[in-house]
Amino acid sequence: MKRLISIAEITIIVVAALIPVFTTLPYRINIFLSWEGAYRLMQGEMPYKDFGMPVGYMYWVIPAVFFKFFGAQLFTLIKAQAFINIIAGLSFRAIGRNLELPYGIRFTGVLVFVLSYSFSNYWPWYNHTVIMYELVALAMLTAYLKTTVLKRFGWIWLAGAGVFTFFSFFTKQDGGGLALLICIALLAYDLIQKKAWKPLAIYLTAFLATGLIIILPLLKYDFGYWFNHGQFPHSSRMSITDIIKEFLLQSQWIKFYLFLIAVLLIAIIRQWKSFWNDRPLVLFTLLSLGILAQAAIFQVTSYVPLDNNIFFHSFSVIYILYLIGLITKINFNQPKVIIITTLGILLTWSHIYFRYIERFLLKNNKEYTYEAHEGYNYATVVDRNTYMIELDTTEIPLSEWRVPNLKSFEKIMVPNSTADGIERFMNMDLVKNGKDLKVLNMTELTPLAAEVPFALETGSHYPLWFHKGVGMFERETNMFIQRIEDDYYDIVLYEYIPYLNNFYPYILREKLQEKYKLADRFVAPRKPTQHAWVEVYINPKHITDSTNNEVLENNE
């Protein structure tokens, strides 16, 4: 049974990670940033020298390697994320093994981890990768902590944990910083219990040495961009007020888990001294409470996507089951118990997989339709699926999305109107016949750099992405304003998203409308659809009679 469970765990982790690789997927908002960072690294550009960004670059390393092997397509990012999900799942499994949990509990945890966290994250994003590096670090750290003495090669696990903790920190400061605190808490307990400072020293030395090796070569460039050093405004997302507010008003699962843990610990802890000397229990307690604290903070400091902190479910579930086992003496390795816990997890997380069953196997009962020229075609039956009419008639259903005829968009669907706009852009005389075009692409269609192709601008002052107050600031905004004033660009692609706060600075759009000619406008590949637009601006010096006719035709 133990061997079968191990095979089942690995199979679930790998299969769930690989399923998206064999599908065609709709475009995901914000994936443009993943593509361009990986594309620049693949081409040999150096962060902070050739482009600036307010985070570390470790997030883009894995996608860049995959670009080298599989090509710079959007779908390559799906393959890279499959690899990241496998590493994350195996690391979580290793943590359970190192904590010497009953394999029945460990299997339950793996199932929760895959259903709640990995399966939904099939696109790479730094708020997910930061946790993957953390899980690798925790797997290595717990591999050392399961021993009571620093064995001959135990320092390798400690050093590896320090290295990957820095990788986590150099992916995202908040998540990586909290990972560092969790690891220090575990090693601090180890130090107090064993009266040995060497393990903590080895870990911190590895963390700092990795940081020096990575950062020192960057200091001669604009490395201060990482923290937006020296620019106004600079505000921290670490707001105690927001963290407390989010915790008390929301965070229902986190508070529920804390309540259960508190009740179970009251039943277990009879004497503080005996609890303190129970090394496995204390380490597991520190780890679980640390993960819950991290989740409560991370949901405020890294708020995109909304559920990026749900890694806490898997840790909380296995810890609570572990405590229940200590109290009740339930044998979680018994086949009937494994079956019951598995069914319970599948039922609890049924919303993850049922939406795919519903999409492909069940009939859609929304019996009314909407046609632009005819209005609503109402249903003849009124029930819970039809009693309300969706008022947003601008939404483009997935049935009206398709894959553009471009290699970099292979197996990635966008709205038909977006695909039409991309094809019109690629067929413009200026794009087809222009040489060494200077293009500013402030849209989510970053793969166009490889399709036109045009050279990406470089410089330590040049932002990787254009979200004002996040990826670019006053210095960068003024630079683009001046370049537009000076007619520096041949073409500017600007994405207008009125419901987001300066995602692409509005002042630049105003300057473009003043200085350049609007050649085309089409729907951006976002949901909700038809609430954001890609605008194509052409330098007036390129306007000819044929170009002007083309512009008029597109605008019609």
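Leaving aside neighbours within four places in sequence, Arg97 is in contact with Ser6 and Arg106, where contact means heavy atoms within 4.5 Å. Arg97 lies in helix 4. Helices here are DSSP runs of H or I with at least four residues, strands are runs of E with at least two, and both are numbered from the N terminus. With a relative accessible area of 43%, Arg97 is partly exposed. That label covers the range between buried, which is under 20% relative accessible area, and exposed, which is over 50% (1.4 Å probe, protein chains only). Arg97 and Ala139 are 42 residues apart along the chain, and their C-alpha atoms are separated by 9.1 Å.

This is a predicted model, in which local features need pLDDT of at least 70 and side-chain atom pairs count only at pLDDT 80 or more, while totals for chains, interfaces and linings use all residues. Residues are numbered from 1 along each chain as its sequence is written, and side-chain values use heavy atoms, with hydrogens and water left out.

The protein chain as a whole has 22 helices and 9 strands. Of its 556 residues, 53% count as buried. Among the contacts in the protein chain with a separation of 6 or more, 72% are between residues 24 or more positions apart. The accessible surface of the protein chain comes to about 26,100 Å², and 61% of that belongs to carbon and sulfur atoms; such areas come from the Shrake-Rupley method with a 1.4 Å probe, and for residues only the protein chains shown count as cover.

Ser6, one of the partners of Arg97, is also among the buried residues of helix 1, together with Ile5, Glu9, Ile13, Ala16 and Ala17. The arc is that of the directions from the helix axis to the C-beta atoms. On the other side of helix 1, Arg3 and Leu4 are exposed. The buried residues of helix 1 pack against helix 4 (74-98), helix 5 (103-118) and helix 15 (335-348). The length of helix 1 (residues 2-18) can be checked too: at 1.5 Å a residue its 17 residues should span 24 Å, and its end C-alpha atoms are 25 Å apart, which agrees. The expected span is 1.5 Å times one less than the number of residues.

Helix 9 can be read in a similar way. Its buried residues are Pro199, Leu200, Tyr203, Ala206, Phe207, Thr210, Gly211, Ile214 and Ile215. They cover an arc of only 145° around the axis, which puts them on the same side of helix 9. The face of helix 9 turned away from its buried side carries the exposed residues Thr205, Leu208 and Ile213. The buried residues of helix 9 pack against helix 6, helix 7 and helix 8.

Helix 7 has buried residues including Gly154, Leu158, Gly160, Gly162 and Phe166. What covers the buried residues of helix 7 includes helix 3 (58-70), helix 6, helix 8 (173-194) and helix 9 (198-215).

The aromatic rings come next. A search of the whole structure finds 44 aromatic pairs. Tyr133 and Phe164 form one that is tilted, at 6.3 Å centre to centre and 40° between the planes. Rings of Phe, Tyr and Trp (its six-membered ring) pair if their centres lie within 6.5 Å; planes under 30 degrees apart count as stacked, over 60 as edge-to-face and the rest as tilted. Tyr133 lies in helix 6 (residues 126-145) and Phe164 in helix 7 (residues 154-169), so the pair ties together parts that are 31 residues apart in sequence. Tyr133 is buried, with a relative accessible area of 4%, whereas Phe164 counts as partly exposed at 22%. Elsewhere, ring pairs link Phe32, Tyr462, Phe466, Phe480, Tyr494, Phe503 and Tyr504 into a cluster.

Charged side chains also meet rings. Arg509 lies over the face of Tyr496, at 3.8 Å from the ring centre, and Lys438 lies over the face of Tyr488, at 5.7 Å from the ring centre. A charge sits over a ring if NZ of Lys or CZ of Arg is within 6 Å of the ring centre and within 35 degrees of the ring normal.

Thr477 is found in helix 20 (residues 474-485) and is buried, with a relative accessible area of 2%. Not counting residues up to four places away in sequence, Thr477 touches Lys468, Met472, Pro505, Ile507 and Leu508.
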